[in-house]
Amino acid sequence: MLSATTIQSLSTALTPEVIDYIFADERWVDFMMEVVSDAVSEKLGSQDLDLVTELSMVIMDNINLKPRLLGP
């Protein structure tokens, strides 16, 4: 069994690689497009597919995964 400190160190080291893996996986794009489009439609109350798609793509570009800074 690994210690909590070792697990924390491994997670810190692996986080950037896992983020790269997620972004390289086509499922990430599919998931984000579906969820963001649903959210945009719901928030705007719009069924205009072209508008929802265009807004969703721009919003997806604004979403970033990054490592969370952990304090001591």
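I began with helices H2 and H3, whose crossing is right-handed (the near helix is turned clockwise from the far one by less than a right angle). Helices here are DSSP runs of H or I with at least four residues, numbered from the N terminus.

I noted that the model is predicted, so local features need pLDDT of at least 70 and side-chain atom pairs pLDDT 80 or more, while totals for chains, interfaces and linings use all residues. Residues are numbered from 1 along each chain as its sequence is written, and side-chain values use heavy atoms, without hydrogens and water.

Next I looked up the packing angle. H2 (residues 26–44) and H3 (residues 49–62) pack at about 120°, their axes 9 Å apart; axes are lines fitted to C-alpha atoms over the stretch in contact, and angles run from 0 to 180 degrees between N-to-C directions. H2 is therefore oblique to H3 (under 35 degrees is roughly parallel, over 145 roughly antiparallel, 65 to 115 roughly perpendicular, the rest oblique).

I then listed contacts, meaning heavy atoms within 4.5 Å. Among them, Val29, Met32 and Leu44 belong to the H2 side, and Leu51, Ile59 and Met60 to the H3 side.

I searched the whole structure for aromatic pairs and found 1. Phe23 and Trp28 form it, edge-to-face, at 5.4 Å centre to centre and 80° between the planes (centres within 6.5 Å; under 30 degrees stacked, over 60 edge-to-face, the rest tilted; for Trp the six-membered ring is used).

Last, I checked Arg68, in the segment after H3. Arg68 is exposed at 69% relative accessibility (buried is under 20%, exposed over 50%, partly exposed in between, with a 1.4 Å probe and protein chains only).

Notes: Helix = DSSP H or I, 4+ residues; strand = E, 2+ residues; numbered from the N terminus.
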